[in-house]
Amino acid sequence: MAEQPPSVNITNELAKERNREAAERTLMAWIRTSLSLISFGFGVDKIVGAINRSRLGGSARADLSVRLMAIAFILTGIGALAAATTQHKRILRRLSHPEFTYHEHKSLGTATALTLMAIGTLCLIILIHGAVG
């Protein structure tokens, strides 16, 4: 029977493996979220563009506001995916050290939620301004 080096504790290694698997699941969730944001932005732009083209007299201002909203969603998706990938690599690097310790880190979910609230607020302002003006 092969002996393990004295510094290896099977309980710690199993806990690290669970953390690595959790990091993989978290990255996959961020990939799905980012893909949804990117797809939503692209879809909104294409659908509203098609509707405006089908009507005579589509407003260039409305096209611009929709385009800006779509770009904001796409950039949020790309940014969230980049941040999630960076965070994932950082977590895996920390887990590979024998003396792994837990460190608080900024919440990627909170940052994405705040960005989406800002985009939603801007969309609401654009819609209200378009309805009034």
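Colleague: How many salt bridges are there, by the rule you use?
Modeller: The count comes to two salt bridges. Keep in mind that this is a predicted model.

Colleague: Which residue pairs with R67?
Modeller: D45 does, in a salt bridge with the closest N and O atoms 2.9 Å apart. D45 lies in helix α1 and R67 in helix α2, so the bridge ties together parts that are 22 residues apart in sequence.

Colleague: Is D45 buried or exposed?
Modeller: D45 counts as buried, because its relative accessibility is 13% and the cut-off for buried is under 20%. R67 is partly exposed, at 43%.

Colleague: And what does E17 pair with?
Modeller: The side chain of E17 meets that of R20 in a salt bridge, 3.1 Å from N to O. Both sit in helix α1, three residues apart, so about one helical turn separates them. E17 is partly exposed at 32% relative accessibility. R20 is also partly exposed, at 24%.

Colleague: Let's step back to the fold. How many helices and strands does the protein chain have?
Modeller: Three helices and zero strands. The order from the N terminus is α-α-α.

Colleague: How much of the chain is buried?
Modeller: Buried residues make up 21% of the 133 residues. The accessible surface comes to about 9700 Å², and 67% of that belongs to carbon and sulfur atoms.

Colleague: Which residues form the largest nonpolar core?
Modeller: There are seven: L37, V44, V66, M69, F73, I119 and C123. The largest share, three residues, comes from α2.

Colleague: What does V44 touch, beyond its neighbours within four places in sequence?
Modeller: V44 is in contact with G49, V66 and M69. Another core lies apart from the largest one. That other core has five residues, including L27, W30, A80 and A84.

Colleague: Now aromatics. Which residues form an aromatic pair, and with what geometry?
Modeller: F40 and F73, edge-to-face. The rings are 4.9 Å apart centre to centre, with 80° between the planes. A search of the whole structure finds one aromatic pair.

Colleague: Where do the partners sit?
Modeller: F40 is in helix α1 and F73 in helix α2, 33 residues apart, so the pair links distant parts of the chain. F73 is buried, with a relative accessible area of 13%. F40 is partly exposed, at 45%.

Terms used
Residues numbered from 1 in each chain as written. Predicted model: local features only at pLDDT ≥ 70, side-chain atom pairs only at ≥ 80, totals over all residues. Heavy atoms only, no water. Helix = DSSP H or I, 4+ residues; strand = E, 2+ residues; numbered from the N terminus. Buried < 20%, exposed > 50% of the residue type's maximum accessible area, 1.4 Å probe, protein only. Areas by Shrake-Rupley, 256 points an atom, 1.4 Å probe, with all protein chains shown as cover. Core = buried A, V, L, I, M, F, W, Y, C linked by side-chain atoms within 4.5 Å. Contact = heavy atoms within 4.5 Å. Phe/Tyr/Trp six-rings, centres within 6.5 Å; stacked < 30°, edge-to-face > 60°. Salt bridge = Lys/Arg side-chain N within 4 Å of Asp/Glu carboxyl O.
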